[in-house]
Amino acid sequence: MANTVTTDAISIMRSNPTPDSSGDIPELVVQVLDLKSTGNRNRFMFTANDGKAKLKGILPANIEYEVISGNIQNMGLIRIVDYTLNDIPNKPEKYLVVLKCEAVSPSLEMEIKNEIYADSDETHMKKKQKIEAGVIVKTEKDEENETKIPLKSEDVGILLKPKQEVLAKSAAQIMHEHHKNTAPAARMAMTRRVHPLVSLNPYQGNWTIKVRVTNKGGMRTYKNARGEGCVFNVELTDEEGTQIQATMFNEAAKKFYDKFEMGKVYYISKGTLKVANKQFKTVQNDYEMTLNEYSEVEEVKSEETFIPETKFNFVPIDMLGSYVNGKDLVDIVGVVQSVSPTMSIRRKSNNETLPKRDITVVDATKKSVVVSLWNDLATGIGQELLDIAEKSPTVAIKSLKVGDFQGVSLSALSRSVVLVNPDIVEAKNLRSWFDSEGKGTSMESVGSGVVSSARGGARSMYSDRVSISHITSNPSMGEDKPAYFNIRAYVSFIKPDQPMWYRACKTCNKKVTEAIGSGFWCEACQKNEESCSLRYIMALKATDASGDAWLSTFNEEAANIIGCSADELDELRSQDSEDNGYQLKLKQATWVPHLFRVSVALQEFNNDRRQRITVRAVTPVDYAAESRFLLEEISKIKVSG
């Protein structure tokens with residue numbers, strides 16, 4: 001049986017813009033025209049054509065592979081299994097949102113157009129032209145005389161049967177004629193009309209979604225000019241992995257707080273949508289949902305539930321600098337290079353002890369980053385990673401916060417998802433790279449050399465370049481929030497008699513004190529250790545052509561400047577030798593040029609507000625790159641002159 005487009009398919013969909021269930025949808029086969037990507041991941045726009053009418057639309061997110069593999073092609077045919085028509089603001093035309101479809105035929109050689117001609121000779125000529133194009137249009141008269149015109153097998157393409165009556169038909173007549181041609185029984189099992197999250201928008205009417213609660217916030221109270229109230233929100237994920245944040249206030253919050261439980265699946269309807277506030281949104285969705293006391297939330301108990309597919313939007317490790325201290329969360333995929341033991345961190349706000357574990361992850365950019373796991377992730381997944389650390393497992397981690405500790409660092413949140421050795425293309429490609437060349441490659445921390453405070457992409461030490469006087473001449477700089485700059489300067493002086501380090505716990509790097517009897521006590525880990533390590537915390541003076549300033553440096557940055565660890569420098573200090581290796585080491589570190597990434601913040605000391613300039617990263621000067629930078633600066637001066 002030859003494949004056909006469905007006569008009046010566009011009219012059928014316009015007459016029933018929101019079917020009650022997919023079982024009510026007749027056979028709808030249309031031609032795909034103008035197929036193109038929307039620019040967003042997984043989404044493709046197209047124009048549906050039934051030969052008589054056209055309708056702009058968008059394909060479902062899970063159809064990306066069908067398009068990439070060529071199963072669904074421009075000028076090809078698809079069967080629409082489920083759909084909805086959405087209103088377009090300020091336009092009378094509706095927009096087709098395909099919720100589920102199937103590929104029927106690859107690309108045809110021409111656009112399908114159903115035409116009826118009165119003159120038999122003209123009909124014969126037009127028919128011949130369409131046969132040559134690979135498409136046959138059949139009328140009733142053609143069917144009666146079909147045997148009179150012999151056709152070669154290679155001439156026969158897709159059979160398109162046009163509308164055979166010129167009289168206009170009502171929507172009810174069209175639906176009645178096509179009701180017998182319904183979708184397969186497997187697609188009629190759905191008794192409730194469920195919309196994917198990706199199809200929702202603020203202009204849509206009634207809808208019902210089927211979602212799992214993948215994160216639940218606590219009940220919070222607020223007070224503003226309109227009074228006091230309470231609020232909480234949940235993150236919802238549907239079967240395709242699309243997420244949306246739903247917020248409930250006051251009566252709705254009290255009504256649904258106990259109703260929503262982590263991990264359970266619900267039908268939700270009678271909510272409203274609005275454009276998401278980028279300042280507060282926690283998921284990748286242009287819209288956010290609000291539920292009121294009249295919204296309906298029903299737990300799915302008697303039906304088969306689902307496990308949402310975790311969707312990632314991976315950021316390469318060398319691009320993390322652009323997200324430092326930002327509000328956006330990031331996803332990463334990488335190979336685990338090392339896993340630390342579990343540490344106990346005491347929270348200052350309530351003195352609560354939290355388990356923490358650090359893992360170092362690398363990727364094909366040849367950069368590494370430290371990811372801090374907390375609570376159950378530290379004791380569960382973290383322990384699993386420690387057990388298989390020698391095998392260098394791959395991990396995909398969703399929803400990480402990017403901080404500026406050691407330049408760039410990542411921290412897991414309660415909503416973070418960690419997958420070990422995930423079955424995804426990105427992880428498999430990374431595994432192949434690591435096994436072939438990455439295993440023997442030297443990895444550099446992303447915090448040294450590639451950092452940024454802007455969202456314009458990762459920037460090097462040669463961006464945001466200022467002089468020292470630019471910082472020191474503005475005493476209010478860093479008043480509201482830390483400001484970040486790059487400077488090129490010499491280390492002009494290191495005070496030799498300053499406290500240059502502190503005794504640190506080998507597990508958590510926090511300060512330890514001498515224990516009664518022997519050993520060292522760590523308040524953070526609540527344990528006594530026989531030995532400790534030394535970690536730098538020192539001040540140095542940096543000088544450039546415009547002036548000088550005191551910089552605060554910590555362990556990794558100070559070790560790069562001095563050229564040895566704090567333990568090694570302490571050993572030189574304790575030696576009583578004529579050459580005084582300690583003083584010589586400090587002298588060798590001075591008048592050496594470096595590129596510094598610094599943060600500037602105001603701190604109060606003895607009722608006096610002072611600038612505190614902290615070194616966040618330090619690298620030696622690459623003279624080739626520095627020369628290119630200076631030439632670019634000179635060319636800018638010439639242009640502006």
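Trainee: Which residue just after H13 takes a positive phi?

Mentor: Trp591, at about 55°. H11 has its own case: Gly563 follows it, with a positive phi near 95°. Helices (H or I, at least four residues) and strands (E, at least two) are DSSP runs, numbered from the N terminus. Two ground rules. This is a predicted model, where local features need pLDDT of at least 70, side-chain atom pairs count only at pLDDT 80 or more, and totals for chains, interfaces and linings use all residues. Residues are numbered from 1 along each chain as its sequence is written, and side-chain values use heavy atoms, with hydrogens and water left out.

Trainee: Which residues of H13 are buried?

Mentor: An α-helix has 3.6 residues a turn, so residues three or four places apart point the same way. In H13 (residues 581–589), the buried ones are Gly581, Tyr582, Leu586 and Ala589. Buried means under 20% relative accessible area, exposed over 50%, partly exposed in between (1.4 Å probe, protein chains only). Their arc is only 140° around the axis, which puts them on the same side of H13. The arc is taken from the directions from the helix axis to the C-beta atoms.

Trainee: What do the buried residues of H13 pack against?

Mentor: Strand E23 (483–493), H11 and helix H12 (566–574). Contact means heavy atoms within 4.5 Å. H11 (residues 555–562) buries Asn555, Glu557, Ala558, Ile561 and Ile562. Those cover an arc of only 165°, so they share the same side of H11.

Trainee: How many aromatic pairs does the structure hold?

Mentor: Nine. Rings of Phe, Tyr and Trp (its six-membered ring) pair if their centres lie within 6.5 Å; planes under 30 degrees apart are stacked, over 60 edge-to-face, the rest tilted. Trp433 and Phe434 make a tilted pair, 6.2 Å centre to centre with 55° between the planes. Phe493 and Trp550 sit 6.3 Å apart with planes at 80°, so that pair is edge-to-face. Phe493 is in E23 and Trp550 in E29 (residues 547–554), so the pair ties together parts 57 residues apart in sequence.

Trainee: Where does the charged end of Arg465 sit?

Mentor: Over the ring of Phe629, 4.5 Å from its centre. The test: NZ of Lys or CZ of Arg within 6 Å of the ring centre and within 35 degrees of the ring normal. Lys216 lies over the face of Tyr257, at 4.1 Å from the ring centre.
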